[in-house]
Amino acid sequence: MLKLLDIPRFLITRSSSTITTTTSLLSTCHVSLFHSSLCYQSFSTMAAVDEFVKGTVHPNGVAVITLDRPKALNAMNLDMDIKYKSFLDQWEEDPRVKCVLVDSSSSRAFCAGMDIKGVVAEIQKDKSTPLVPKVFSAEYTLICKIAEYKKPYISLMDGITMGFGIGLSGHGRYRIVTEKTLLAMPENGIGLFPDVGFSHIAANSPGEGSVGAYLGMTGKRISNPADALYVGLGTHYVPSGNLGSLKETLLASTFSKDPNQDVAEVVSKYSTQPETEPQLKLLLPHIASTFEPNKSISKIVEDLKRNQDSSDATVAGWAKEALEGLGKGAPFSLCLTQQLFAKVASGFRSNDSNLSKLNGVMKLEYRIALRSSIRDDFAEGVRAVLVDKDQNPKWNPSKVEEVDIKEVETLFEPLEPRAEELKV
């Protein structure tokens, strides 16, 4: 949910063998979102934004956004969000522009999310800081713009694509994954919840939304292109080495009156079937029965413990990993995520006028984000993962059984009169 505060969450790992590397990456990628949010009109900050988010319209009508902040794995800040959306707004009305391609200058990441230390620091000073709604509003309106974009929108999701990185790509028309793509939504691990409309993506996933719910609750990392396609995070698989040729072909194309058909033909030319089968498909019966929408976290844990004793080594290993993933999350965040995903999945199935559409989901997530970000779990999660790096957060409450579901439900209620709802 706290996408603007994402980069750390995105890189939270699920195994002890990688935790040291992850923490190092987070420290390296840290930037002051707070500083830039207050000073984005200054020359120096705007220069940095122009450097980090580059926009180019080529003669044939292909507009390209390149995320160019490799040292931070293309972590997005408020100013970058604003710049990114300004390009999309301008190009959507420009008849010369036929399609939009989004790529990265980094060989390691498409976008690892956003920085959160500065936001937490401001929340700790003043829980009513205007920075929080500014950041969430910029992020969520950008996501809605991408989802409703009138022209073909192509994301080259090569490398780390987590948190807000999924927000920038997962709702677009063409979502191209490679063998280097690494996807995850580990927000529960810092006391938040999987936002950026991931609950909407999850509702559309196999098993009546159970596969997406499993990924969101456990923070499971997807590195298999077949799984990315299966869950719906990707639409096409293109080997990383062929992305350059795909881009060159697009830039050399002459577009007809139907640019979408033209783009589809180019993407189809370079896409292929992954070499392996989706593991998530093989595990679907177990995922669907364990993570069905209305099942509580306590019951999910109970079912996973039973599956851990399965004679099938694959099922037992899956259950063990899922339990470890849930064990990383704040109990309150886990219960919140379960409630959110259940509501959105139900709205999707019943064709609810609000929750069956992304805009409605983002309005709900906005309410949740403003409220959950000022809970103590968020600051504690950031402390444990990014500041002290002891990986030992003291959650409150500390156990799922101690979570007050009525408190969770209050996060979904309309905002107070003095606070504006998300305008999308």
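Contact here means heavy atoms within 4.5 Å. The legends below describe close-up views of a predicted model.

**View 1. Helices α18 and α19 in contact.** Helix α18 spans residues 331–349 and helix α19 spans residues 358–372. Their axes come within 12 Å and cross at roughly 165°. Because angles over 145 degrees count as roughly antiparallel, α18 is described as roughly antiparallel to α19. The crossing of the two helices is right-handed. From α18, the residues Leu336, Leu340 and Val344 take part, and they meet Val361, Leu364, Glu365, Ile368 and Ser372 of α19. By class, the residues of this contact comprise six nonpolar, one polar and one charged.

**View 2. The cis peptide bond between Asn396 and Pro397.** The bond that joins these two residues has an omega of about 5°. Pro397 is placed in the loop between α20 (376–387) and α21 (405–410).

**View 3. Lys389, a residue other than glycine with positive phi.** The loop between α20 and α21 also holds Lys389, whose phi is near 60°. Lys389 has a relative accessibility of 34% and therefore counts as partly exposed, a class that lies between the limits of 20% for buried and 50% for exposed.

**View 4. Glu208, a residue other than glycine with positive phi.** Glu208 belongs to the loop between α9 (198–203) and α10 (210–218). The phi angle of Glu208 is near 55°. With a relative accessibility of 55%, Glu208 counts as exposed, because that class begins over 50%.

Notes: Residues numbered from 1 in each chain as written. Predicted model: local features only at pLDDT ≥ 70, side-chain atom pairs only at ≥ 80, totals over all residues. Heavy atoms only, no water. Helix = DSSP H or I, 4+ residues; strand = E, 2+ residues; numbered from the N terminus. Buried < 20%, exposed > 50% of the residue type's maximum accessible area, 1.4 Å probe, protein only. Axes fitted to C-alpha atoms, helices over the stretch in contact; angles between N-to-C directions. Parallel < 35°, antiparallel > 145°, perpendicular 65-115°, else oblique. Left-handed = near helix turned anticlockwise from the far one by under 90°. Nonpolar A, V, L, I, M, F, W, Y, C, P; charged D, E, K, R; others polar.
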